Amino acid sequence: MPPVIDLAALSEHPLMQRLTSAQAIERREARGQLKSGIPALDALLQGGWPRGACSELSGARSSGRTAVVMATLVQALAAGEATALVDVGGGLDAEALRAQPLPSLLWIRCQPEQALAAAALVLEAGGFGLAVLDAGDSHIRMGDATAVRIKRMTARQNTALLLSSNWRLPGVHGHTAVSLSPARPNFEKRPGHIRGLLTGLQTRADLQRIDGGKRPANGSALLSLERR
Amino acid sequence: MSQRIACAHAPQLGLQAILRRDPDLWQARNAPAVLASGKTDRARIVHLTTAARRMGIRPGLTVAQARSLGNTQGEALRILAQSEADTSAAQAALQDLGLAFAPRIDNESERVFFEVGDLGALYPSESAIMEAISRRALQLGLAVRVGLASSKGLARLATRAGARTSLPAAQTSAAAQLAGLSIHVLLQLSQGFDEAFVERLSRWGIRTLGQLARLPEAEVGLRLGPSGTAAHRLAAGNGDEPFAPQPPADAILEATELDYAIDTLEPLAFVLRGLIDRALARLACRGLACASLTLRLSLDPRGYDIREVPLGAPCRQTSTLLELLRLDLARRPPEAGVTGAELLMLPARVRPAQLDFLRPPGPAPERMAATLAKLQALVGIENVGAPTAPDDLREEQIAVIPWKNVAATVSPSPPTEEATLPGSIRRYRPPQPLEVLMGQGGPTALRGERLVARVLVAAGPFRASGAWWQDEAYHRDYWDVHASDGAIYRMHQDRQSGGWFLDGYYD
């Protein structure tokens, strides 16, 4: 008599928590991924931000969110993707643009209450490889119906949507979620200055969710931000 | 292939111009309605519908007489006032009807002529061409009679033979088809055939064009002059009037006059929607989109309000254009009630796109144009585009240029280490006022709109100044501070006013 496999018991086995289902791999390969431009983060994300899905990037002020967003935008533009940034409050730094011009980035400055509508318009247009909604410090409320609609649009258009905010937006339940810890600044003493010079920040990226599943084990990476 | 000229005739264009501006009137276009030369009871009836004619009303009666006849019949009679603006717009729409089928048109006040000989490749028969012309005219809010013939004069005459009449290219066949028409149709050709001319023919016993064609041409010319010769040639199927194409208007103009002044936005938006719909239908005839909007509002009792609404990209969507106009009107309402509106659209081709073989496919150009216009309507024109750094040392300055989905010249700098990336500052625009407690070595505490913190480490000051040759000269001391809330802020002190401002935070 063949052995009977208890599937319910197998799913609770500790080994199962460390394995990725074949279906999840198939879904990921079908969608494709968009590199973030940061090898350590790409390794954490198992290739990059997923296309056709909604990803979350959360972190307090000075946690390095803007740097990660900028790196992802640059990477997508360099790959020739049509790219849009819905920027709540319009906090994009002109100094960063001097160092790295982004001439083909569609930049939309808006108020918090306009952000979701603007992102929906970008997604509806279709053809965008990457759309970023950077909420900055603002509170954005996304209802369940809006979240479902946005997710369906990203899936239909195969756009990688990255939601960047101070904390994970309630109701989103993104396909992938990364949180950044508050950064540690490095000040360097320089002769002639009253105080030191800020040389960079160090932060940690924690993977909260991947492939729509639970938080994986060992899902963190240290990131260094250099001052331009 | 021999030349084939189509003539689209919109009879009673003045009345049609009023009917097309109002969807309710257009739906009830077969109901009794008359067009008067003014708004008073003494104004004369100029045009009328067939239903009104059945009530015994005729052109030339006064409004009071027409109303009286309507009352005796017990039917509701609509009395409409003539409007120059609407009539001009309808005439322009008629020209656009011609441009929908041919690149060159010749037009008269109620007619448009265009060459359709080449359309045989697109339509199976001439009746299909005429049906397509009628259908397109209805989309523009016009009911037309269509005539097709080998010359302009015969095409004009063909419109009097029926709603859709095609005259054969052979002269004798065309003459045979026209033979049964009454000579009174000559009166409606607006070619100098007057009542006296037709009366003289009647006295000769000539009742139809066929009878006229059988007379010797030279003898008719001798007795009736050039008009007689022209009438005879038409009746004999020999129209030789030249087709003289005229250039189409550069811009699309739609206008309307209102019966009373409007001083709120919603009713005005309703009027504007009609104007935009009609103008876009005309642009669609030419396969073009709207590149720029100019709205001229006539104010009560006098004066104009002129506003230009630039568009980021050519657009063909009524809702988007209306939203842009609504936003502009909400931002700067007219100073008085509006008694008329004139909408000028500059046409443009939707941007052609050459797809890059090596790039992923981007957004479709036409769809993107509509999206850009919608985004501009949502967040404002100045907030949509490609960001660029201006030539200014004030850190909060940033400029926006029109966005184009061009191949990027972006090349990411390779990371020196696996997890090292250039940092950035998230800016507050404009910089937020800040209260700063200064110690001996620099700032020690901060208080702002959403910030109360002690300073753990401060680096600075880093001095910046510029524009001293202008009124907006600046002298600033920038500081980087690590605050007790965990953030690293960038802030500055204006050395002229002494005030502190929060520029943003390193992120």
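This is a predicted model: local features need pLDDT of at least 70, side-chain atom pairs count only at pLDDT 80 or more; totals for chains, interfaces and linings use all residues.
**View 1. Where chain A meets chain B.** Let's start at the contact between the two chains, to which chain A gives 71 residues and chain B gives 66 residues. On chain A, the largest share of the side that touches chain B is supplied by helix α5 (residues 65-78), with 9 residues. Sorted by class, that side of chain A holds 40 nonpolar, 18 polar and 13 charged residues.

View 2. To find your place, look for A:Ile108, which stands opposite B:Val384 in β13(B).

**View 3. A buried strand in chain B.** Next comes strand β7 (residues 145-149) of chain B, where 5 of the 5 residues are buried, so the strand is largely enclosed by the rest of the structure. B:Arg145, B:Gly147 and B:Ala149 point one way from β7(B), while B:Val146 and B:Leu148 point the other way. All of these residues are buried, whichever way they point.

**View 4. The neighbours of β7(B).** Strand β1 (residues 5-9) of chain B pairs with β7(B) in the antiparallel sense, over 5 bridges. Within this pairing, B:His9 has B:Arg145 as its bridge partner in β7(B). Strand β8 (residues 164-166) of chain B runs parallel to β7(B) and is joined to it by 3 bridges. There, B:Gly147 finds its bridge partner in B:Thr165 of β8(B). Follow the chain from β7(B) through helix α7 (residues 152-161) of chain B to β8(B), and you have traced a left-handed β-α-β unit.

How values were computed
Residues are numbered from 1 along each chain as its sequence is written. Chains are lettered from A and ligands numbered from 1 in the order in which they are written. Two residues are in contact if their C-beta atoms, placed from the backbone, lie within 7 Å. Helices (H or I, at least four residues) and strands (E, at least two) are DSSP runs, numbered from the N terminus. Ala, Val, Leu, Ile, Met, Phe, Trp, Tyr, Cys and Pro count as nonpolar, Asp, Glu, Lys and Arg as charged, and the others, Gly among them, as polar. Two strands pair if DSSP finds at least two bridges between them. A residue is buried if 20 or more other C-beta atoms lie within 10 Å of its own, exposed if 12 or fewer, and partly exposed in between; C-beta atoms are placed from the backbone. A crossover is right-handed if, with the strands pointing away from the viewer, the path from the first strand over the helix to the second runs clockwise.
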